[in-house]
Amino acid sequence: MGVREAVARRSAADGSRALRSRWRNASLAAGWAFPGDWPLREVDEVCRAVLRQGDPGPELYRLGGARAEAGAGLAETLLDLAALHAVLAEPSGSTGIVSASVDAIPARMLRCTALGWGDVMTRQAGNCAADNPLTGLATAAYLRTRLREVYAETRTVGGQQHVLVLVELDLTRTSGWSRVVAMTLLADALKEVFDAGETVASIGPSVACVLLRRDRHLARAVANLRVLTADRLAVDPHIAPTGPVRVWVEELPETHQEALKLIAELGH
(Lines give C-alpha, C1' and ligand atoms only; values in the text may rest on other atoms or scores of the structure.)
Protein backbone atom coordinates (compact mmCIF):
# COMPACT_ATOMS: atom_id res chain seq x y z
CA MET A 1 0.00 0.00 0.00
CA GLY A 2 1.39 3.40 -0.96
CA VAL A 3 1.79 6.30 1.44
CA ARG A 4 -0.95 8.33 -0.24
CA GLU A 5 -3.41 5.45 -0.08
CA ALA A 6 -2.63 4.83 3.59
CA VAL A 7 -3.12 8.51 4.40
CA ALA A 8 -6.37 8.58 2.45
CA ARG A 9 -7.69 5.55 4.32
CA ARG A 10 -6.74 6.99 7.68
CA SER A 11 -8.38 10.27 6.79
CA ALA A 12 -11.56 8.47 5.72
CA ALA A 13 -11.59 6.47 8.97
CA ASP A 14 -11.12 9.63 11.02
CA GLY A 15 -13.93 11.33 9.13
CA SER A 16 -16.23 8.36 9.65
CA ARG A 17 -15.53 8.30 13.40
CA ALA A 18 -16.13 12.04 13.67
CA LEU A 19 -19.43 11.81 11.79
CA ARG A 20 -20.51 8.83 13.87
CA SER A 21 -19.75 10.68 17.09
CA ARG A 22 -21.68 13.80 16.06
CA TRP A 23 -24.59 11.70 14.81
CA ARG A 24 -24.75 9.77 18.08
CA ASN A 25 -24.66 12.92 20.18
CA ALA A 26 -27.37 14.53 18.07
CA SER A 27 -29.53 11.40 18.28
CA LEU A 28 -29.19 11.21 22.07
CA ALA A 29 -30.00 14.91 22.36
CA ALA A 30 -33.09 14.37 20.19
CA GLY A 31 -34.37 11.70 22.58
CA TRP A 32 -32.78 8.32 21.77
CA ALA A 33 -33.69 6.46 24.95
CA PHE A 34 -31.01 3.77 25.29
CA PRO A 35 -27.46 4.89 24.40
CA GLY A 36 -26.13 1.34 24.59
CA ASP A 37 -28.49 0.23 21.80
CA TRP A 38 -27.49 2.95 19.36
CA PRO A 39 -24.20 1.60 17.95
CA LEU A 40 -24.69 -0.83 15.07
CA ARG A 41 -22.48 -2.07 12.26
CA GLU A 42 -24.98 -0.50 9.86
CA VAL A 43 -24.34 2.92 11.42
CA ASP A 44 -20.71 2.72 10.34
CA GLU A 45 -21.76 1.58 6.87
CA VAL A 46 -24.02 4.63 6.52
CA CYS A 47 -21.23 6.95 7.67
CA ARG A 48 -18.82 5.55 5.09
CA ALA A 49 -21.43 5.75 2.33
CA VAL A 50 -22.25 9.37 3.16
CA LEU A 51 -18.59 10.40 3.22
CA ARG A 52 -18.07 8.77 -0.20
CA GLN A 53 -20.78 11.19 -1.37
CA GLY A 54 -22.53 8.36 -3.16
CA ASP A 55 -26.11 7.18 -2.75
CA PRO A 56 -26.51 5.91 0.85
CA GLY A 57 -29.91 4.38 0.03
CA PRO A 58 -28.89 0.71 0.36
CA GLU A 59 -27.05 1.38 3.61
CA LEU A 60 -30.00 3.33 5.02
CA TYR A 61 -32.32 0.47 4.06
CA ARG A 62 -30.11 -1.95 6.00
CA LEU A 63 -29.95 0.47 8.93
CA GLY A 64 -33.75 0.69 9.06
CA GLY A 65 -33.94 -3.09 9.08
CA ALA A 66 -31.29 -3.37 11.78
CA ARG A 67 -33.15 -0.86 13.96
CA ALA A 68 -36.31 -2.93 13.60
CA GLU A 69 -34.42 -6.11 14.47
CA ALA A 70 -33.09 -4.38 17.58
CA GLY A 71 -36.60 -3.41 18.68
CA ALA A 72 -36.57 0.30 17.83
CA GLY A 73 -39.93 1.76 16.81
CA LEU A 74 -40.42 3.62 13.54
CA ALA A 75 -40.73 7.00 15.27
CA GLU A 76 -37.45 6.46 17.12
CA THR A 77 -35.73 5.20 13.96
CA LEU A 78 -36.80 8.24 11.95
CA LEU A 79 -35.79 10.63 14.72
CA ASP A 80 -32.33 9.05 14.65
CA LEU A 81 -32.28 9.55 10.87
CA ALA A 82 -33.30 13.19 11.40
CA ALA A 83 -30.31 13.59 13.70
CA LEU A 84 -28.02 12.30 10.94
CA HIS A 85 -29.56 14.67 8.41
CA ALA A 86 -29.22 17.61 10.79
CA VAL A 87 -25.52 16.84 11.27
CA LEU A 88 -24.97 16.52 7.52
CA ALA A 89 -26.77 19.81 6.89
CA GLU A 90 -24.38 21.71 9.17
CA PRO A 91 -21.45 23.57 7.57
CA SER A 92 -18.19 21.64 7.36
CA GLY A 93 -16.25 21.82 10.62
CA SER A 94 -19.24 22.88 12.69
CA THR A 95 -19.36 21.52 16.23
CA GLY A 96 -22.48 23.27 17.52
CA ILE A 97 -25.74 21.73 18.69
CA VAL A 98 -28.05 20.61 15.88
CA SER A 99 -31.82 20.32 15.92
CA ALA A 100 -33.26 17.10 14.51
CA SER A 101 -36.51 17.43 12.57
CA VAL A 102 -38.17 14.44 10.92
CA ASP A 103 -40.06 16.79 8.59
CA ALA A 104 -36.75 18.02 7.14
CA ILE A 105 -35.49 14.58 6.07
CA PRO A 106 -35.15 14.27 2.27
CA ALA A 107 -37.73 11.94 0.76
CA ARG A 108 -35.24 9.32 -0.47
CA MET A 109 -33.48 9.03 2.90
CA LEU A 110 -36.85 8.73 4.62
CA ARG A 111 -38.19 6.17 2.14
CA CYS A 112 -35.13 3.90 2.18
CA THR A 113 -34.93 3.80 5.98
CA ALA A 114 -38.67 3.33 6.47
CA LEU A 115 -38.80 0.54 3.87
CA GLY A 116 -35.96 -1.30 5.59
CA TRP A 117 -37.70 -0.99 8.94
CA GLY A 118 -41.09 -1.95 7.51
CA ASP A 119 -39.84 -5.01 5.62
CA VAL A 120 -38.30 -6.49 8.77
CA MET A 121 -41.42 -5.80 10.81
CA THR A 122 -43.59 -7.43 8.14
CA ARG A 123 -41.39 -10.51 8.15
CA GLN A 124 -41.47 -10.68 11.94
CA ALA A 125 -45.25 -10.38 11.96
CA GLY A 126 -45.51 -13.22 9.47
CA ASN A 127 -43.33 -15.40 11.68
CA CYS A 128 -45.24 -14.67 14.88
CA ALA A 129 -46.86 -17.56 16.67
CA ALA A 130 -50.61 -17.88 16.29
CA ASP A 131 -51.15 -18.31 20.01
CA ASN A 132 -50.56 -16.43 23.24
CA PRO A 133 -47.37 -17.70 24.93
CA LEU A 134 -48.87 -17.32 28.43
CA THR A 135 -52.26 -18.96 27.97
CA GLY A 136 -51.65 -21.09 24.88
CA LEU A 137 -54.92 -19.81 23.41
CA ALA A 138 -55.01 -18.85 19.75
CA THR A 139 -54.97 -15.14 18.96
CA ALA A 140 -57.99 -13.20 17.74
CA ALA A 141 -56.17 -12.79 14.41
CA TYR A 142 -55.96 -16.57 14.01
CA LEU A 143 -59.66 -16.88 14.87
CA ARG A 144 -60.50 -14.38 12.16
CA THR A 145 -58.55 -16.50 9.69
CA ARG A 146 -60.44 -19.62 10.75
CA LEU A 147 -63.76 -17.80 10.40
CA ARG A 148 -62.88 -16.86 6.83
CA GLU A 149 -62.17 -20.51 6.09
CA VAL A 150 -65.42 -21.61 7.75
CA TYR A 151 -67.50 -19.18 5.72
CA ALA A 152 -65.73 -20.25 2.53
CA GLU A 153 -66.63 -23.85 3.34
CA THR A 154 -70.22 -22.86 4.04
CA ARG A 155 -70.51 -21.26 0.60
CA THR A 156 -69.33 -24.53 -0.92
CA VAL A 157 -71.32 -27.12 1.02
CA GLY A 158 -74.23 -24.95 2.15
CA GLY A 159 -75.66 -24.61 5.65
CA GLN A 160 -73.72 -23.17 8.57
CA GLN A 161 -72.46 -26.03 10.70
CA HIS A 162 -70.30 -24.06 13.14
CA VAL A 163 -71.10 -22.15 16.32
CA LEU A 164 -69.16 -20.20 18.92
CA VAL A 165 -68.94 -21.13 22.58
CA LEU A 166 -68.15 -17.99 24.59
CA VAL A 167 -66.67 -17.77 28.08
CA GLU A 168 -66.49 -14.49 29.97
CA LEU A 169 -64.84 -13.88 33.34
CA ASP A 170 -65.76 -11.02 35.65
CA LEU A 171 -62.34 -9.53 36.41
CA THR A 172 -63.56 -6.19 37.72
CA ARG A 173 -62.45 -7.06 41.27
CA THR A 174 -59.01 -8.34 40.27
CA SER A 175 -55.93 -6.59 38.93
CA GLY A 176 -52.39 -7.14 37.69
CA TRP A 177 -51.03 -10.67 37.59
CA SER A 178 -54.26 -12.16 38.99
CA ARG A 179 -55.98 -11.40 35.69
CA VAL A 180 -53.33 -13.30 33.75
CA VAL A 181 -53.57 -16.26 36.14
CA ALA A 182 -57.36 -16.31 35.78
CA MET A 183 -57.16 -16.39 31.98
CA THR A 184 -54.49 -19.10 32.15
CA LEU A 185 -56.72 -21.27 34.34
CA LEU A 186 -59.62 -20.64 31.97
CA ALA A 187 -57.41 -21.68 29.04
CA ASP A 188 -56.56 -24.96 30.79
CA ALA A 189 -60.25 -25.72 31.25
CA LEU A 190 -61.07 -24.86 27.65
CA LYS A 191 -58.31 -27.05 26.26
CA GLU A 192 -59.36 -29.96 28.46
CA VAL A 193 -62.99 -29.85 27.34
CA PHE A 194 -62.30 -29.00 23.68
CA ASP A 195 -59.39 -31.20 22.65
CA ALA A 196 -60.49 -32.52 19.27
CA GLY A 197 -59.15 -29.86 16.93
CA GLU A 198 -61.53 -27.02 17.76
CA THR A 199 -60.22 -23.44 17.49
CA VAL A 200 -59.86 -22.12 21.04
CA ALA A 201 -58.97 -18.43 21.11
CA SER A 202 -58.75 -15.37 23.30
CA ILE A 203 -60.72 -12.43 21.93
CA GLY A 204 -60.44 -9.98 24.81
CA PRO A 205 -58.86 -9.37 28.22
CA SER A 206 -61.50 -11.51 29.91
CA VAL A 207 -63.24 -13.31 27.05
CA ALA A 208 -62.36 -16.53 25.23
CA CYS A 209 -64.25 -18.48 22.61
CA VAL A 210 -64.31 -21.80 20.82
CA LEU A 211 -65.15 -22.19 17.14
CA LEU A 212 -66.48 -25.70 16.56
CA ARG A 213 -68.92 -27.79 14.59
CA ARG A 214 -72.32 -28.21 16.18
CA ASP A 215 -73.03 -31.80 17.23
CA ARG A 216 -75.07 -33.72 19.79
CA HIS A 217 -72.30 -33.37 22.40
CA LEU A 218 -72.37 -29.55 22.41
CA ALA A 219 -74.73 -29.09 25.37
CA ARG A 220 -72.77 -31.52 27.53
CA ALA A 221 -69.45 -29.87 26.59
CA VAL A 222 -70.81 -26.45 27.57
CA ALA A 223 -72.04 -27.80 30.90
CA ASN A 224 -68.69 -29.47 31.57
CA LEU A 225 -66.84 -26.28 30.72
CA ARG A 226 -68.98 -24.24 33.10
CA VAL A 227 -68.29 -26.62 36.01
CA LEU A 228 -64.62 -27.19 35.23
CA THR A 229 -63.85 -23.48 34.86
CA ALA A 230 -65.51 -22.66 38.19
CA ASP A 231 -63.55 -25.45 39.89
CA ARG A 232 -60.22 -24.30 38.44
CA LEU A 233 -60.77 -20.68 39.48
CA ALA A 234 -61.83 -21.68 43.01
CA VAL A 235 -58.49 -23.38 43.68
CA ASP A 236 -56.48 -20.13 43.80
CA PRO A 237 -57.60 -17.74 46.60
CA HIS A 238 -56.19 -14.77 44.67
CA ILE A 239 -58.53 -15.56 41.77
CA ALA A 240 -61.68 -16.14 43.84
CA PRO A 241 -62.95 -12.55 43.35
CA THR A 242 -63.37 -13.16 39.61
CA GLY A 243 -67.06 -13.74 40.15
CA PRO A 244 -69.34 -16.16 38.31
CA VAL A 245 -68.25 -17.54 34.94
CA ARG A 246 -70.56 -16.80 32.05
CA VAL A 247 -70.68 -19.52 29.35
CA TRP A 248 -73.00 -19.43 26.36
CA VAL A 249 -73.42 -20.54 22.75
CA GLU A 250 -73.45 -17.87 20.04
CA GLU A 251 -74.84 -18.58 16.58
CA LEU A 252 -72.69 -17.39 13.71
CA PRO A 253 -74.17 -14.54 11.62
CA GLU A 254 -74.97 -14.94 7.95
CA THR A 255 -71.82 -13.29 6.60
CA HIS A 256 -68.12 -13.30 7.38
CA GLN A 257 -68.04 -9.53 7.90
CA GLU A 258 -70.86 -9.76 10.42
CA ALA A 259 -68.94 -12.50 12.24
CA LEU A 260 -65.84 -10.31 12.47
CA LYS A 261 -67.94 -7.47 13.86
CA LEU A 262 -69.49 -9.84 16.40
CA ILE A 263 -66.07 -11.05 17.58
CA ALA A 264 -64.85 -7.48 17.97
CA GLU A 265 -67.90 -6.52 20.01
CA LEU A 266 -67.73 -9.57 22.25
CA GLY A 267 -64.05 -8.99 22.95
CA HIS A 268 -64.56 -5.56 24.48
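Predicted model: local features only at pLDDT ≥ 70, side-chain atom pairs only at ≥ 80, totals over all residues.
We'll start with an open sheet of 4 strands, move on to a pair of Trp rings, and finish with helices H3 and H9.

**The sheet**

- Follow the strands across the open sheet and you'll read the order S2-S3-S1-S4, with antiparallel pairing.
- Strand S2 (199–204) and strand S4 (246–251) are the edge strands, and each has a single partner, so one side of each is left without a neighbour in the sheet.
- Going from one strand to the next, the twist averages 25°.
- Look inside the sheet at strand S1 (residues 162–168) and strand S3 (residues 207–213): they run antiparallel and are joined by 7 bridges.

**The Trp pair**

- The structure has 1 aromatic pair.
- Its members are Trp 23 and Trp 38, with ring centres 5.4 Å apart and planes at 90°, so this pair counts as edge-to-face.
- Trp 23 belongs to helix H1 (residues 3–30), while Trp 38 is in the loop between H1 and helix H2 (41–51), so the pair ties together parts that are 15 residues apart in sequence.

**Helix H3**

- Helix H3 covers residues 57–69, which makes 13 residues.
- From first C-alpha to last, H3 reaches 18 Å, close to the 18 Å expected at 1.5 Å a residue.
- Several H3 residues are buried, among them Leu 60, Leu 63, Gly 64, Arg 67 and Ala 68.
- Here's a handy rule for looking at that list: an α-helix has 3.6 residues a turn, so residues three or four places apart point the same way.
- Just past the end of H3, Gly 71 has a positive phi of about 95°.

**Helix H9 and His 256**

- Helix H9 (residues 256–267) lies across S1, S2, S3 and S4, and runs at about 60° to S2.
- His 256 is part of helix H9.
- The relative accessible area of His 256 is 19%, and the cut-off for buried is under 20%, so His 256 counts as buried.
- Which residues does His 256 touch, leaving out those up to four places away in sequence? They are Arg 144, Leu 147, Arg 148 and Tyr 151.

Note on methods
Residues numbered from 1 in each chain as written. Heavy atoms only, no water. Pairing = 2+ DSSP bridges. Helix = DSSP H or I, 4+ residues; strand = E, 2+ residues; numbered from the N terminus. Axes fitted to C-alpha atoms, helices over the stretch in contact; angles between N-to-C directions. Contact = heavy atoms within 4.5 Å. Phe/Tyr/Trp six-rings, centres within 6.5 Å; stacked < 30°, edge-to-face > 60°. Expected span 1.5 Å × (residues − 1). Buried < 20%, exposed > 50% of the residue type's maximum accessible area, 1.4 Å probe, protein only.
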